[in-house]
Amino acid sequence: MRASSLLSESLAVLGKELTSEVRSRVALNAIGLFGITTLVVVAYQIGPYQIQEKDRPYLLSALLWVILFFAATSGLARVFVKEEDAHTAKTLRLAARPLAVFAGKYLFNLILLAALFTLIVPLYCALMGYEVRGLAGLALVLAAGAVALSASSTIVAAIISRASGSTTLFAILSVPLVLPLLVMLIQGTRAAAGSVELAAVLPALQGIVSLGGALLIVSVFLFPVVWHE
Amino acid sequence: MSDNRVRTALHWLLGAWLVLVIAAAFFWAPAAAGFKGESSRIVFFHVPQAWVAVLAFCVNLIASLRYLRTRDPLDDARAAAAARLGLVFSLLATVTGSIFAHVMWNSFWNWDPREISIAILLLIYAAYFALREAVPDEERRASLSAAYAILAFVTMPFLVFVVPRIYWSLHPDTIIGATGKLKMQMDPRMLQTLFASLVGFTGLFFWLYTLDVRLARVRLARQAREEA
């Protein structure tokens with residue numbers, strides 16, 4: 001009974017976020033346009049022919065995650081900042097339990113990241129001539145990356161919404177937390193691009209899942225402290 | 001013997017111990033084979049600095065967890081003091097590591113996994129203080145920075161133990177090897193000097209940490225008197 005009400009509260013928070021986003025489309029526009037603009041600049045200046053063959057696996061996987069991460073940074077912080085700006089945070093505190101708020105906001109960020117990856121990754125492959133041999137491996141790395149990045153972004157967004165100078169603080173607090181994750185995501189993407197075997201991405205995937213899982217569990221425990229402060 | 005006398009005696013002991021460590025590092029321990037000139041002697045200062053940077057991170061975590069349980073402002077001051085010292089010692093470890101890298105490989109920075117690890121540790125400490133500066137309310141500042149410190153600690157095992165062992169590294173092998181077993185292949189005099197230095201630097205950290213916490217205690221007491 002309690003679990004089902006928690007689930008319904010979480011889904012209600014997610015529904016509120018989606019409705020609000022459909023009306024305003026601020027986060028979607030921010031991450032989508034940031035991603036496309038960066039991709040166009042990179043493709044125009046570097047493109048598929050400027051990188052030497054031996055450097056391609058390293059540079060292309062790194063550039064892809066630089067575009068994805070910074071595009072995500074431009075929109076994911078909004079989930080909590082907008083509640084503080086619109087003075088709706090107090091109402092949300094009364095309306096739903098902290099865990100439900102975290103779950104709803106986390107799922108919303110996950111959906112935003114999935115939309116960003118779906119938009120940018122195929123475009124990047126086409127514009128940069130990035131041939132990925134292990135599509136299943138890449139899909140797994142992207143999925144694990146979205147789960148982990150969404151966890152760190154949601155809790156950091158909650159922290160910075162309670163501080164002044166929020167938007168600049170998001171990047172300052174997020175980057176050191178996700179750097180080890182980005183290193184493993186780049187390595188996993190490189191492995192997926194070079195081999196059709198799923199085993200090639202496993203070492204990186206283990207690291208991504210471990211770090212992402214640890215961040216998610218700790219975030220769930222810390223969120224009530226941040227939210228009720 | 002009064003507390004003050006014990007404290008003074010311990011300070012003198014720490015000072016004498018560190019002087020002996022410095023003397024042993026330069027005049028008693030031999031230079032390691034396979035390294036350029038006398039460059040290996042930096043290990044007696046670089047390793048303890050890196051150790052203290054990680055120790056400070058652990059103390060910061062414990063104080064942050066305590067703060068969230070007790071809501072005692074002194075625990076927040078303990079967490080901030082540990083982070084301040086962690087920032088200084090990780091900066092020192094980065095500088096001494098860079099000097100060693102320049103002597104050995106003619107380059108101050110090689111994007112080695114261990115260099116990246118310590119640089120990220122530095123960034124985490126800097127972000128921790130950026131967050132503290134951005135929150136004017138003391139209670140909220142303490143809670144949010146405690147939450148961030150705990151969150152940042154989650155990444156530490158990946159930075160210190162996982163990433164440097166996944167990627168190829170120029171860095172000389174560590175005392176705790178990739179298999180997790182202790183490696184004791186150093187000359188006994190080098191090993192004794194290194195362990196003495198680790199003890200000395202740990203003592204130095206706790207001395208500075210205690211000073212900072214005592215100052216915070218005085219500041220909090222004065223604040224309480226003014227509010228009363």
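The paragraphs below lead through some features of chain A and then of chain B. This is a predicted model, in which local features need pLDDT of at least 70 and side-chain atom pairs count only at pLDDT 80 or more, while totals for chains, interfaces and linings use all residues. Residues are numbered from 1 along each chain as its sequence is written, chains are lettered from A in the order in which they are written, and side-chain values use heavy atoms, with hydrogens and water left out.

In chain A, the residues A:I36, A:V40, A:L119, A:L123 and A:L127 make a nonpolar surface patch of about 360 Å². Such a patch is made of residues with over 30% relative accessible area and no salt bridge, nonpolar side chains (Val, Leu, Ile, Met, Phe, Trp, Tyr) being joined within 5 Å; a salt bridge is a side-chain nitrogen of Lys or Arg within 4 Å of a carboxyl oxygen of Asp or Glu. Accessible areas come from the Shrake-Rupley method with a 1.4 Å probe, and for residues only the protein chains shown count as cover. Helices α2 (26-45) and α6 (98-128) of chain A each supply at least two residues of the patch, and α6(A) gives the most, with three residues; helices here are DSSP runs (H or I, at least four residues), numbered from the N terminus.

Helix α2 of chain A holds both A:I36 and A:G32. A:I36 is partly exposed, with a relative accessible area of 31%, whereas A:G32 is buried, at 12% (buried means under 20%, exposed over 50%, and partly exposed in between). A:G32 and A:S74 are 42 residues apart in sequence and 9.4 Å apart in space, C-alpha to C-alpha.

Helix α3 (residues 73-105) and helix α4 (residues 113-134) of chain B pack at an angle of about 150 degrees, with their axes 9 Å apart; axes are lines fitted to C-alpha atoms over the stretch in contact, and angles run from 0 to 180 degrees between N-to-C directions. The contact (heavy atoms within 4.5 Å) is made by residues including B:A83 and B:L87 of α3(B) and B:L122 and B:F129 of α4(B).

Two loop residues of chain B remain. B:R71, in the loop between α2 (43-70) and α3 of chain B, has a positive phi near 60 degrees although it is a residue other than glycine, and B:R71 is partly exposed, with a relative accessible area of 37%. B:N106, in the loop between α3 and α4 of chain B, is not a glycine and has a positive phi of about 60 degrees; B:N106 counts as exposed because its relative accessibility is 62%.

Conventions. Patches are made of residues with over 30% relative accessible area and no salt bridge: like charges are joined within 9 Å, nonpolar side chains (Val, Leu, Ile, Met, Phe, Trp, Tyr) within 5 Å. Buried means under 20% relative accessible area, exposed over 50%, partly exposed in between (1.4 Å probe, protein chains only).
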